[in-house]
There are 2 protein chains.
Amino acid sequence: MATGRTHRPATRSRGIPEATVARLPLYLRALTALSERSVPTVSSEELAAAAGVNSAKLRKDFSYLGSYGTRGVGYDVEYLVYQISRELGLTQDWPVVIVGIGNLGAALANYGGFASRGFRVAALIDADPAMAGKPVAGIPVQHTDDLEKIITDNGVSIGVIATPAGAAQQVCDRLVAAGVTSILNFAPTVLSVPDGVDVRKVDLSIELQILAFHEQRKAGEEASGEAAVPAAVTREESTDQGPDGEHPAVMPA
Amino acid sequence: MATGRTHRPATRSRGIPEATVARLPLYLRALTALSERSVPTVSSEELAAAAGVNSAKLRKDFSYLGSYGTRGVGYDVEYLVYQISRELGLTQDWPVVIVGIGNLGAALANYGGFASRGFRVAALIDADPAMAGKPVAGIPVQHTDDLEKIITDNGVSIGVIATPAGAAQQVCDRLVAAGVTSILNFAPTVLSVPDGVDVRKVDLSIELQILAFHEQRKAGEEASGEAAVPAAVTREESTDQGPDGEHPAVMPA
DNA sequence: ATGTCTTTGTGAACGCGTGCACAAAGATGG
DNA sequence: CCATCTTTGTGCACGCGTTCACAAAGACAT
């Protein structure tokens, strides 16, 4: 997931598997909804259904956090909300900067899901001088020149990159140099960061391409009754393009 | 990944592992960049570095597609671009609808990465009557009432949901009923879909929470010199909050 | 107090994904 | 034509994650 540098020992943190960590926010969301409806307890079966996972997996996930359930009853909703929040580090405030206030950056600044879970947008940063001072989501945009000062003054350790691809690595380098150790990257680029810095990437285009792959597969399977042919079939002739020697089928950026 | 319903046989499509499919867009992007620089061939080592993965992994990934390399030389860039594009189904046009034209929906509509890879924004749909007719990214917004007609008229099979969480499931149901079989969900909810429909979700808040977890871990590890204690330590006393009996530390939505 | 019934917590098996390491393939030079 | 050198393609082993299935734990009724 986290496409940091080349490799990493899977970041198996304090015994909690990475896969489990990735699901904790899911559980937290479901639990928060239950909490709002004043539901006192919930069984692993119910909660798993709400979170869209297998109940055994959920129980094993929780077992990494400790024994927080009561056999025959289930889990105390409020208690579990607190424990997961604490485990995820959401009991403290995380100041976040967003760099690159274009369409996406502005949308992120306006996104309510950040502020509601311990994340506070400390600053919006853009390279365009014309943007400076203009308020977005009630926060005045600051110029890239002040990036280092903003980071240190606010004690920011999490940065969000929403710049064009070309600027991402440079922005990333400056963020890291200024003390940021976690980066959420929306730019369609592979970022290089030193050890100790976490990078997670969100790529809208990649997600669509994965969907397209499965979509194509469905369509093809439907057309030719799914034969028992293992592979190497419907390869060359499946699409319109004829021979394969030299194909100028280059896609634009 | 794809949080469809309860389970699914891992969607092991035609022998190509899901993990490999998820990396193909990454390779494609790196290859496209090389193609623009008119680089004729590339070795697995070079390409792997550009894509941020292990070279052995890359070679194994390509081996699922076929033997497209030349030993002692490497891979033909143009040829590989074409092969991957075809495998991902990007040689054809995919009309896409975006439902929910708020900040995020508008940003997605303006996002260049879609149009450039075979994806065409066929329509923008919003439930707000005031939005109807208003152009966003050069495309007039249409009202939800016409959703079904829009889907069928344009032959849309991929839908993007960027509505508030409360409306997502309902929109999803209507999309599916109208014939959509792939959904990219930006709403912070678990969607239930019938078998045969793929759902991929992108949750900005979850990504940040995962980063916060690691960030907290770094901070804690730094404070208490990372002892060789295997686990079950620095549990209770790690954070400020003292005992754990009944904690009203509930987070807002 | 005892028995029954529900639900947790986890041991164990299995499958997928990853990475090493190397043989086979082909290019290139003499 | 042969030798050398580069790079692919893959067999193999290992580890993580998932799932099943069940014993232990506790609630609840009698």
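Author: Strands, like helices, are DSSP runs numbered from the N terminus: a strand is a run of E with at least two residues, a helix a run of H or I with at least four. Two strands pair if DSSP finds at least two bridges between them. The model is predicted, so that local features need pLDDT of at least 70. Residues are numbered from 1 along each chain, and chains are lettered from A in the order in which they are written.

Reader: How do strands of a sheet pair?

Author: Strands of a sheet pair through backbone hydrogen bonds, in a parallel or an antiparallel sense. In chain B, strand 4 (residues 94-99) and strand 8 (residues 158-161) pair in the parallel sense over four bridges. Ile98(B) stands opposite Val160(B) in strand 8 of chain B.

Reader: In what order do the seven strands of the open sheet in chain B stand?

Author: The order is 6-7-5-4-8-9-10, and the pairing is mixed. Strand 6 (135-136) and strand 10 (198-201) of chain B stand at the edges; each has a single partner strand, so one side of each lacks a neighbour in the sheet.

Reader: Which order has the open sheet of three strands in chain B?

Author: That sheet has the order 1-3-2, with antiparallel pairing. Strand 2 and strand 3 (residues 74-76) of chain B are joined in the antiparallel sense by two bridges. Tyr75(B) in strand 3 is the bridge partner of Gly69(B).

Reader: What is the secondary structure of chain A?

Author: Chain A has nine helices and ten strands. Of its 253 residues, 51% count as buried, meaning under 20% relative accessible area with a 1.4 Å probe, protein chains only.

Key
This is a predicted model: local features need pLDDT of at least 70, side-chain atom pairs count only at pLDDT 80 or more; totals for chains, interfaces and linings use all residues. Side-chain values use heavy atoms; hydrogens and water are left out. Buried means under 20% relative accessible area, exposed over 50%, partly exposed in between (1.4 Å probe, protein chains only).
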